[in-house]
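User: I have a model open here and would like to talk through some of its contacts. Could you take me through them?

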Amino acid sequence: MEIRLINIGFGNIVSVNRIIAIVSPESAPIKRIIQEARDRGILIDATYGRRTRAVIITDSEHVILSAVQPETVASRLANRENDEDKQI
């Protein structure tokens, strides 16, 4: 299995194969997920002190906070897949 990576802002990179969801942090259930991950020690804060704009949930139950908009992360993911399709 090939490891594919995506930039989530400030040079931080996540394995595309492990991402389950990219969501906005505004809703109460997502805020609860963030707090529970913090309590369990599985929260990864990649915001560099900036406002959280995207929450990435992985298949290992880790929760990653990013300062990049969810749409931007999804766009980078889509662009990466399009680039790979062109190479084939």
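This is a predicted model: local features need pLDDT of at least 70, side-chain atom pairs count only at pLDDT 80 or more; totals for chains, interfaces and linings use all residues.

User: Which side chain meets arginine 51 in a salt bridge?

Analyst: That is glutamate 26, at 3.5 Å from N to O, where a salt bridge is a side-chain nitrogen of Lys or Arg within 4 Å of a carboxyl oxygen of Asp or Glu. Glutamate 26 sits in the loop between strand 3 and helix 1 (28-40), and arginine 51 in the loop between strand 4 (43-46) and strand 5, so the pair ties together parts 25 residues apart in sequence; helices (H or I, at least four residues) and strands (E, at least two) are DSSP runs, numbered from the N terminus.

User: How many salt bridges does the count come to?

Analyst: The count comes to three salt bridges. Aspartate 59 pairs with arginine 18, their closest N and O atoms being 2.6 Å apart, and arginine 40 pairs with glutamate 61 at 3.0 Å. Arginine 40 lies in helix 1 and glutamate 61 in the loop between strand 5 and strand 6, so this pair ties together parts that are 21 residues apart in sequence.

User: Switching topic: is serine 66 buried or exposed?

Analyst: Serine 66 is buried, with a relative accessible area of 0%, and its place is in strand 6 (residues 63-66). Not counting residues up to four places away in sequence, serine 66 touches Ile8, Thr47, Arg51, Thr52, Arg53 and Ala54, contact meaning heavy atoms within 4.5 Å.

User: And what makes up the largest nonpolar core?

Analyst: The largest nonpolar core has 11 residues in all, among them Ile6, Ile8, Val16, Val68 and Leu77, a core being a set of buried Ala, Val, Leu, Ile, Met, Phe, Trp, Tyr and Cys residues joined through side-chain atoms within 4.5 Å. Strand 1 and helix 2 (70-87) each supply at least two residues of this core, while a second, separate core of eight residues includes Ile34, Ala37, Ile42 and Val63.

Definitions and conventions: Residues are numbered from 1 along each chain as its sequence is written. Side-chain values use heavy atoms; hydrogens and water are left out. Buried means under 20% relative accessible area, exposed over 50%, partly exposed in between (1.4 Å probe, protein chains only).
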